[in-house]
Amino acid sequence: MITVKFSASLRDLTGDDHEVLVDAPTVRRLIKVLDERYPGIGERLSEGTSVAINGEILPDALYEDIPDGAEVHFLATLAGG
Amino acid sequence: MSRTHVNCTINGDETDFLSESGGSLLNALRDDVGLMGVKEGCGTGDCGACSVLMDDRVTCACLIFAPEAEGRTIVTIEGLANADELHPLQQCFLEGAALQCGVCTPGFLMAAKALLDKNPNPTETEVRYALAGNLCRCTGYDKIIRAVLDAAEAMGEQA
Amino acid sequence: MDYLAPTTVAEAVDALAASPDSRVFAGATDLIPQIRSGRPEPGLLVDLKRIDRLNAVTEGDSSWTIGAAVPTSRLTEDPAFAGQFPGLSEAAGLIGSDQIQNRSSLGGNLCNASPAADSVPAMLVNDTRAVVATPDGTRTVNVDQVATGPGSTTLTGGEFIIEFEVDKPPANTGDAYIRMTPRTEMDIAVVGAGARITLDADGNCAEARVALGAVAPIALRVPDAEAALIGHPINDDTLAAVAAAASAACNPIDDKRGTIAYRQQVAGVLAKRAVKLAAARAAGTSTNGAHP
Amino acid sequence: MTMTEDPTTAPSYKWVGSRSVRPDGLDKVTGKAQFGADLKLPNMLEGAVARSPHAHARIVSIDTSAAEAMAGVHAVITAADLPDLADAGSKTDDIFMSEKILARSKVLWEGHPVAAVAATSREIARAAADAIVVVYEALPHVLTVDEALADGAPVLHDAMITRGVEPAPEAASNAASRVVHERGDLDKGFADADTVLEREYTTKPVHQGYIEPHACVADANQDGRANLFVSSQGHFSLRAMTATTLGWSPSQLNVTPAEIGGGFGGKTTIYLEPLAVRLSAKSGRPVRLVMGRDEVFKATGPTSGSRMKIKMGVTNDGKITAAEVWMAFEAGAFPGSPVGAASMTAIACYDIPNFFVEGFDVVCNKPKVAAYRAPGAPIIAYGVESIVDELALAIDMDPIDLRLKNAAVEGTQASYGPEFPRIGFVETLEAIRDSEHYKSPVPEGYGRGVASGFWFNIGGNSTATVNINEDGNVNVIEGSPDIGGSRASMALFAAEEFGISVDRVSVKIADTQTVGFNDVTGGSRVTLATGKVVIDCCRSIKEDLRRRAAKTWDCEIDDVEWVEGQAQHVSGTETPLSLADLAAKAPRTGGPISVTQSENVRGAGAGFTTQLVDLEIDQETGVCRVARYTTAQDAGKAIHPSYVEGQMQGGVVQGIGWAFNEEYIHRSDGTLDNPSFLDYRIPVASDLPMIETIIVEVPNPNHPYGVRGVGEAGIVPPMAAIGNAIERATQCRLNNLPMSPIALLDAINRRG
């Protein structure tokens, strides 16, 4: 199982859920599972978001593996100057 | 638009070009003579990127009408080094990492040359005021000021 | 635009008479940015720099003559001139960068008629006169008779300034010009103040002239400040009176560079400091200038 | 000065960490370097852009006939010459991008392009652009977040519904989106505090201020392809954006990177490029488009103006218990302010148990903002680091001690979500605390201020090729425009890896047909990410060289090691083979020696900085002089210390300009009042002292040399540091940028 922590910006879709336990080996699978639970979140998470797995921020992370027991956050994709 | 035939000495060569009478020396040097080392940063004399020496005095080429160059002697960044040797200012800018993007560098080098020609060993404050007409947005000026002071020292040793 | 570089005053006068749509210039440091920013282009550009008389600096027995097109850097670099007129020479040295000062001139600085022109208050406190070329000879006017408002002067289209005359200062006299700008260089005065002080044997103020820039449509003398000084010592009381008079004399505007309130308050501060510096120079106790 | 985490265990390098001369330096001190406006092609036309004089207006009609009739004019284009991406059903962001390039139905700011011209001279092109007759129906405009969010404010985009608000609003507004970060119990947090302060701050738009105006040369061919020569921070992403706007596929464009005369984020997007390509295609001739400085100010990216409300609580022993942050950022004419990054960085320096951070992205009638060095972070840090200093004063605690007490460390859950890996914030605070500057007494009449800053740094996509010449010298080919000396770092990496002198390495930044894809030079990513692929190339070549040596010695590869630039047999029986020896033998050992590596590089290391300033303040005029400035920043590892110092110093000085003088000044009619370097006052040399640097090196565990990235964090703290110094000297707290002499004197008057 992995722990997904939602930023408040997703609350309009996740309601009162601040974090959930999910079983998903990759980010892609994770988003699919979440979209079934929170309809519409899949689209939001697939565009312009980075994924932090155990603290490491990964852009373009759709196909990343997620180790069991990991903590996952979805973040806005970062640009820079 | 009337064009004027201008004769002058540029980087040691007797040169002539046809220029828009109301056109700037900057445009003439870049487009008519082909000296692209002279940069335009503002076109209003506020940034110094187009600094050249005219009759040994540093000026902004963007604030000079091209026909004013008639009979004058002009030195641009392309005329600063010898065939086989950089000017000490150029060498000190390289070794002191006194440039980042490098677009303001030609103007700084010409203004610094004018300063050292007039004042061979300036104080840091004198260098800062003498180069106040040249904007640099990358370096915070620190390494530029140090490079000019280093060049003054190097030239003093040579002399 | 056509370009003409006459070599005599007469030639220039004729050229101006011949083409009404003409514009004289010396350094062009204001003219080119103005054209670039969309001001109408003149049909003929008349470059005055090749006329010897406009390019000469001459020290006479009792006065100096400065060509209207002389680059201001020559005034800051001339030890004799800078020694006798440290304030005027420093004011000339504040007009833009070294690059600008190798082009800018007293004639241009005055005739561009910017209320913030740095050299004008310094010329005013030194009672500078301008010799004007006209279609029928020349006339001499005091510098305070040239600018009438932002961008406007009493000179007609056919006229231009040939040279400036300024008498050498009497003994125990010093002048000064200081200004406030957000940046140390490459800036337009938000407030400028010039002063010339002559001290008597007792160290009291025998003669005083105070002028302000950038606080009214034209640079102006401040008679009340001068009156508060003449016959008195330079002390906190008289300096306070100078500051009050200077602030009261302001007729500034709010613009992108400063506010009315700021200009009024700081005009007093700078007038006080200019008088102090001029007095110190008159007493021979200071040569500190606008730059470190 | 450099402070390495633990000098005894830090690896020692021969080239990395040295101050070599940059490979491109000579061209840049002799005037040979070719920047965006420096290319002149045979038969080339010059372009000009016609721009809106209105801040907000409907375009009734555009008549280009007079311009087209002028002698010397070869092409005139309007939005009708670009595909309407709205009809094509493109992504909203792409539609906005194309409307930024050329206005279609409405102009949204003064300077919004409406048409472009190509002619035989710059003068004719300008005259033709001025001869284009556009009939406008002026509309009311909004210039600030306050005006844009006011009830009944004119709306820029009819269909724009605020994202991130639940339930979704029914009416369109100027608020494009809302972001929120929260944790813990705010009420409890404030209840736990002994002192709670609440403050409001505003900032104005400021421009990146690069000295080189935007410029490009386009040469379109009859086969539907075009070459583009352009100064940018990333020619690949620029190619993609230009292609999208033209309705082309990226491969129809080959983009050659000019030298870039400064960008700071402002050259990560497009302005002129699609216009130049269309003009070239329409005229059948090369076209050069160069902006004037006034166009740069009026029509290219400043960063956001803002309003911020911050409430923070602290206990008497210095524990920050709660923070409530509200911010609204101007995006300019289209959505996309850096408010997202600002909300993530706002309190990222600190470990605060209870917080609520809310940000709004707000459109208004100003140029669309562009990235500017640590986008968003300096703006919110001005507020947060100011109030943190006020808290320190309120509880009478040293400002560095207060920060140390609350500092984020390895394992702290960052305010934006994940846990921090090893970071060096504490080390930057200690470096300043222990500096000679901080220990020195504050001179009479001076003010001393401290502030800190955070920036993520990013990795991203990079590709590089390394070739070994037949003489054994090394060519590095990469695709990250060199904006501040990154070629020098690439050369040092290669020299270190191969164990050869750095002057045997050349570095080339190649066009989009020559090297693989690279993301923009931005996010402080190049030394980290492009450096990583260059290092990978070198390491795989070293492997290949050992294999080739083994072949010549007829031994196992494991018997060969690479030492000091040559292959050695472990037994010492064979004469070592140098890089030059092996290069000469290459045809007999498998052919040319060349490797290409590409990767979407992960593992960027967060960057922190703490800065210290002494101000000399003239309380009669409000004029401040920066008397002394020291900055300590965690670089992870300084590959070329001179250019690391240069990034630190440059960022600080941009922040000093932002603090005192820089601002967009708009007239009530919505036009810009200061579009010049005379009245948009960036610092000049005589305004400044030397900027003292302390490079802190807490290695990034995810990079072979420990690089973090140093380009951006330096600009985050200066405005707050200066505001803090002003308050400590004058008891006047300025909560609005810029903190000009006029604002300070006014505050001093009110203080009495």
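The legends below describe several close-up views of a predicted model.

**View 1**
Of the 81 residues in chain A, 33% are buried.

**View 1. The place where chain C touches chain D.**
Here 15 residues of chain C are in contact with 18 residues of chain D. On the side of chain C, the largest share is 4 residues, and these come from helix H11 (residues 260-282) of chain C. Sorted by class, the side of chain C that touches chain D has 7 nonpolar, 4 polar and 4 charged residues.

**View 2. The two assigned domains of chain B and the contact between them.**
The domain assignment divides chain B into domain 1 (3-79) and domain 2 (88-158), and the C-alpha centres of these two domains of chain B lie 22 Å apart. Their contact takes 15 residues from domain 1 of chain B and 12 residues from domain 2 of chain B. On the side of domain 1 that touches domain 2, the elements of chain B that give two or more residues are strand S3 (51-54) and strand S4 (57-60), and the largest share, 3 residues, comes from S3(B). The residues on this side of domain 1 of chain B divide into 8 nonpolar, 4 polar and 3 charged.

**View 3. The loop around B:Asp55.**
B:Asp55 is found in the loop between S3 and S4 of chain B. Most residues other than glycine have a negative phi. B:Asp55, however, has a positive phi of about 45° although it is not a glycine. Is this residue, B:Asp55, buried or partly exposed? B:Asp55 counts as partly exposed, because it has 13 C-beta neighbours inside 10 Å, whereas a buried residue would need 20 or more.

**View 4. Two assigned domains of chain D and the contact between them.**
In chain D, the domain assignment gives domain 1 (2-33 + 459-601) and domain 2 (423-451 + 607-751), each written as two stretches of residue numbers. The centres of these domains of chain D, taken over C-alpha atoms, are separated by 36 Å. In the contact, 21 residues of domain 1 of chain D meet 24 residues of domain 2 of chain D. The elements of chain D that give two or more residues to the side of domain 1 that touches domain 2 are strand S1 (2-4), helix H15 (486-498) and helix H16 (526-553), with H16(D) giving the most, 5 residues. By class, this side of domain 1 of chain D has 7 nonpolar, 10 polar and 4 charged residues.

**View 5. The packing of helix H11 against helix H12 in chain D.**
Two packed helices are described by the angle between their axes and the distance between the axes. Helix H11 (residues 377-394) and helix H12 (residues 399-406) of chain D pack at an angle of about 110°, and their axes are 9 Å apart. H11(D) is therefore roughly perpendicular to H12(D), since angles of 65 to 115 degrees count as roughly perpendicular. From H11(D), the contact is made by D:Val388, D:Asp389, D:Leu391 and D:Ala392, while H12(D) contributes D:Pro399, D:Leu402 and D:Arg403. Sorted by class, this contact of H11(D) with H12(D) has 5 nonpolar, no polar and 2 charged residues.

Most peptide bonds are trans. D:Glu166 and D:Pro167, however, are joined by a cis peptide bond with omega about -5°, and D:Pro167 lies in the loop between helix H5 (145-149) and strand S8 (175-183) of chain D. A cis peptide bond also joins D:Leu737 and D:Pro738, where omega is about -5°. D:Pro738 is placed in the loop between helix H19 (718-730) and helix H20 (741-751) of chain D. D:Gln731 also has its place in the loop between H19 and H20 of chain D, and its phi is near 60°, a positive value in a residue other than glycine. D:Gln731 is exposed, with 12 other C-beta atoms within 10 Å.

Notes: Residues numbered from 1 in each chain as written. Chains lettered and ligands numbered in written order. Predicted model: local features only at pLDDT ≥ 70, side-chain atom pairs only at ≥ 80, totals over all residues. Contact = placed C-beta atoms within 7 Å. Nonpolar A, V, L, I, M, F, W, Y, C, P; charged D, E, K, R; others polar. Domains from an automatic or database assignment. Axes fitted to C-alpha atoms, helices over the stretch in contact; angles between N-to-C directions. Parallel < 35°, antiparallel > 145°, perpendicular 65-115°, else oblique.
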